[in-house]
Amino acid sequence: MSMGDARGMKIAVVAHCILNQNTVAPGLASHKGTVESLVKLLVDKGYGIVQLPCPEATYLGMNRWWMTKNQYDTPNYRAHCRHILEPTLTLLHELTGKGAQYIVIGIKGSPSCGIYTTTRGEWRGDPSTATGTQTTKASEPGIFMEELFALIKARGIKEPNKVLEVSHEEISQKGLPRETASEL
């Protein structure tokens with residue numbers, strides 16, 4: 001007797017902090033635990049969820065300051081990102097080889113997990129008291145997402161069906177944007 005197989009073969013590869021706000025840099029968490037409305041929407045739409053590791057927390061720990069792409073853009077940080085992506089890339093290769101479709105969801109403005117928008121700036125020391133150089137939003141991916149997409153391409157893994165960027169802070173303040181819901 002067959003038990004059946006109900007899997008939908010739809011995967012959402014999400015930035016770590018979508019499922020675990022406890023790992024964001026101090027002062028930046030906008031939810032108590034998960035970005036619940038986005039997670040619920042993914043579940044309701046039949047997505048399995050693959051949580052990316054948090055490169056910033058695994059590199060600098062929980063006592064880190066918030067930083068910019070410029071500050072994270074070092075050979076050692078990029079190597080760290082590639083290293084911690086290994087299990088996810090292996091899983092994606094296997095899943096897509098079995099016919100799974102996947103999307104990637106990053107974090108707007110993140111120096112690591114931004115997909116279309118990151119934060120740049122050259123300040124040094126305590127960011128709350130830094131003077132001289134302001135941070136700016138730049139229309140480019142963060143370091144971790146650059147490495148993720150470069151490795152997907154280099155390994156011949158099928159490209160994602162969709163690539164989305166969300167702001168957990170905006171979701172907290174205004175709710176899940178309609179365009180995000182419609183893109184899933």
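**Exercise 1.** How do the residues of the lining of the second largest pocket divide into nonpolar, polar and charged?

*Solution.* The structure is a predicted model, and the pocket in question has a volume of about 210 Å³. Begin by listing the lining, which consists of Lys108, Thr117, Leu164, Glu165, Val166, Ser167, Glu170, Ile171, Pro177, Glu179, Thr180 and Glu183. Sorting these residues by type then gives 4 nonpolar, 3 polar and 5 charged.

**Exercise 2.** Determine which residues of helix 2 are buried, and on which side of the helix they lie.

*Solution.* Within helix 2, which spans residues 36–44, the buried residues are Leu38, Val39, Leu41 and Leu42. Because these cover an arc of only 160° around the axis, they fall on the same side of helix 2. Glu36 and Asp44, by contrast, are exposed on the other side of helix 2. The cover over the buried residues includes strand 1 (10–14), helix 1 (16–19), strand 2 (48–51), strand 3 (101–107), strand 6 and helix 8. After helix 2 comes glycine 46, which has a positive phi, near 85°.

**Exercise 3.** Decide whether serine 112 is to be classed as buried or exposed, and identify its contacts.

*Solution.* Serine 112 sits in the loop between strand 3 and strand 4 (118–120). Its relative accessibility is 1%, and since buried means under 20%, serine 112 counts as buried. If neighbours within four places in sequence are left aside, serine 112 is in contact with Pro55, Glu56, Tyr72, Tyr77, Gly142, Ile143, Phe144 and Met145.

Notes. Residues numbered from 1 in each chain as written. Predicted model: local features only at pLDDT ≥ 70, side-chain atom pairs only at ≥ 80, totals over all residues. Heavy atoms only, no water. 1 Å grid on protein atoms, 1.4 Å probe; cavity = no way out; pocket = protein on both sides within 12 Å on 5 of 7 lines; lining within 4 Å. Points joined across faces, edges and corners; volume = space filled by probe spheres on them. Nonpolar A, V, L, I, M, F, W, Y, C, P; charged D, E, K, R; others polar. Buried < 20%, exposed > 50% of the residue type's maximum accessible area, 1.4 Å probe, protein only. Helix = DSSP H or I, 4+ residues; strand = E, 2+ residues; numbered from the N terminus. Arc of directions from axis to C-beta. Contact = heavy atoms within 4.5 Å.
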